[in-house]
Amino acid sequence: MNLYKKPFVIAEIGCNHKGDMEIAKELIKVAKIFCNVDAVKFQKRNNKELLTEEQYNQPHPNPVNSYGETYGAHREFLEFDVNQHRDLKAYCESIGITYSTSVWDLTSAKEIASLNPDFIKIPSACNNNIKMLEWLCDNYKGEIHISTGMTTKNEIEDLVDLFKRKHRNKDLVLYNCTSGYPVPFKDVCLLDINLLIEKYGGDVKHIGFSGHHLGIAVDVAAYTLGANVIERHYTIDRTWKGTDHAASLEPMGLRKLTRDVNAVYDALQFKNQDILPIEQVQRDKLKNQKV
């Protein structure tokens, strides 16, 4: 019997669809058929609610990645409305992959909750939006996943306490995360997974890992440490225009990640007998040689 939880791999499409529904569906299809992941995840923002007027109207900080003349126009270009998300969810269901979305504000949380996805994600940037968290606890019945990048130990404790008060902590998935794009290995801080498991493993549903590093070795280590939910940004082409592509895996990388964490899951168990059947053949052949 394997003592580890089965890995659950999420391909974070985010805004890597470039505002194009056909690209979004292609990303879903490739994630399912070629990468063999369990879920895909998008993002939902109400930009007028999320940004101040000044932030909305200022130029994009990196104009080469901008899809509009202002940051607000850029964000609106990449935004799908709730009906488009309904279409994406239906497409996911038609090919047998789980749909989800990160929500950045209360309006977006209400819109996505109306679609009843299996889980909704709260990004690190918004895990202090208590009004949104309380509304989801009271009105949405699925799992609530929360990243803990840019978050103090005390703030994480306050988050878990909120879910306990709402009797929703058993629907909470808490992710170890370092907010950076991409994150150097020395800043990934994988051992914080141990701290989350020690302190909250008995209180929450799962401990996860949301990585923005390069390569896939770190994800295998994160799983081995006990983070059974693994989330990585994913794109078709890392050279595409946009801010998240450079910190994303391309399909072959994501396919290998899924392959490797599932291989490790199969390997992480004790021998159930002294001599396994596969060994008996070799024992009979090799251990009785004359010496």
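**Exercise 1. Which strand supplies the largest share of the lining of the largest cavity?**

Solution. The model is predicted, so local features need pLDDT of at least 70 and side-chain atom pairs count only at pLDDT 80 or more, while totals for chains, interfaces and linings use all residues. Residues are numbered from 1 along each chain as its sequence is written, and side-chain values use heavy atoms, with hydrogens and water left out.

Step 1 is the term itself: on a 1 Å grid over the protein atoms alone, a cavity is a set of points where a 1.4 Å probe fits but cannot get out, whereas a pocket is an open set with protein on both sides within 12 Å along at least five of seven lines, and lining residues have an atom within 4 Å of a point. Grid points are joined across faces, edges and corners, and a volume is the space filled by probe spheres set on the points.

Step 2 is the count, which comes to one cavity of 30 Å³ or more; the largest cavity has a volume of about 30 Å³.

Step 3 is the lining, made up of Cys-177, Thr-178, Val-183, Val-188, Phe-209, Ser-210, Gly-211, His-212 and His-213. Strand S7 (residues 206-211) gives the largest share, three residues, where helices (H or I, at least four residues) and strands (E, at least two) are DSSP runs numbered from the N terminus.

Step 4 sorts this lining into four nonpolar, five polar and no charged residues; Ala, Val, Leu, Ile, Met, Phe, Trp, Tyr, Cys and Pro count as nonpolar, Asp, Glu, Lys and Arg as charged, and the others, Gly among them, as polar.

**Exercise 2. Describe the lining of the second largest pocket.**

Solution. The second largest pocket has a volume of about 270 Å³, and of the 18 residues that line it, Thr-148, Lys-153, Ile-156, Asp-192 and Leu-196 are the closest to its centre. At least two lining residues come from each of helix H8 (153-165), strand S6 (172-177) and helix H9 (192-200), with H9 giving the largest share, six residues. By class, the lining holds seven nonpolar, six polar and five charged residues.

**Exercise 3. Find what the salt bridge between Lys-44 and Glu-111 joins.**

Solution. A salt bridge is a side-chain nitrogen of Lys or Arg within 4 Å of a carboxyl oxygen of Asp or Glu, and by this rule the count comes to 18. One of them joins the side chains of Lys-44 and Glu-111, at 3.4 Å from N to O. Because Lys-44 belongs to strand S2 (residues 39-44) and Glu-111 to helix H6 (residues 106-113), this pair ties together parts that are 67 residues apart in sequence. Lys-44 is buried at 5% relative accessibility, whereas Glu-111, at 26%, is partly exposed; buried means under 20% relative accessible area, exposed over 50%, and partly exposed in between (1.4 Å probe, protein chains only).

**Exercise 4. Describe the surroundings of Lys-41.**

Solution. Lys-41 is placed in strand S2 and counts as buried, at 0% relative accessibility. A network of salt bridges links Lys-41 with Glu-12, Lys-121 and Glu-231, and the side chains of Lys-41 and Glu-12 are also joined by a polar contact of 2.4 Å (a pair of N or O atoms within 3.5 Å; within protein, one must be able to donate a hydrogen and the other to accept it, and residues adjacent in sequence count only if both atoms are side-chain atoms). Leaving aside neighbours within four places in sequence, the residues in contact with Lys-41 include Ile-10, Gly-14, Ser-100 and Phe-119, contact being heavy atoms within 4.5 Å.
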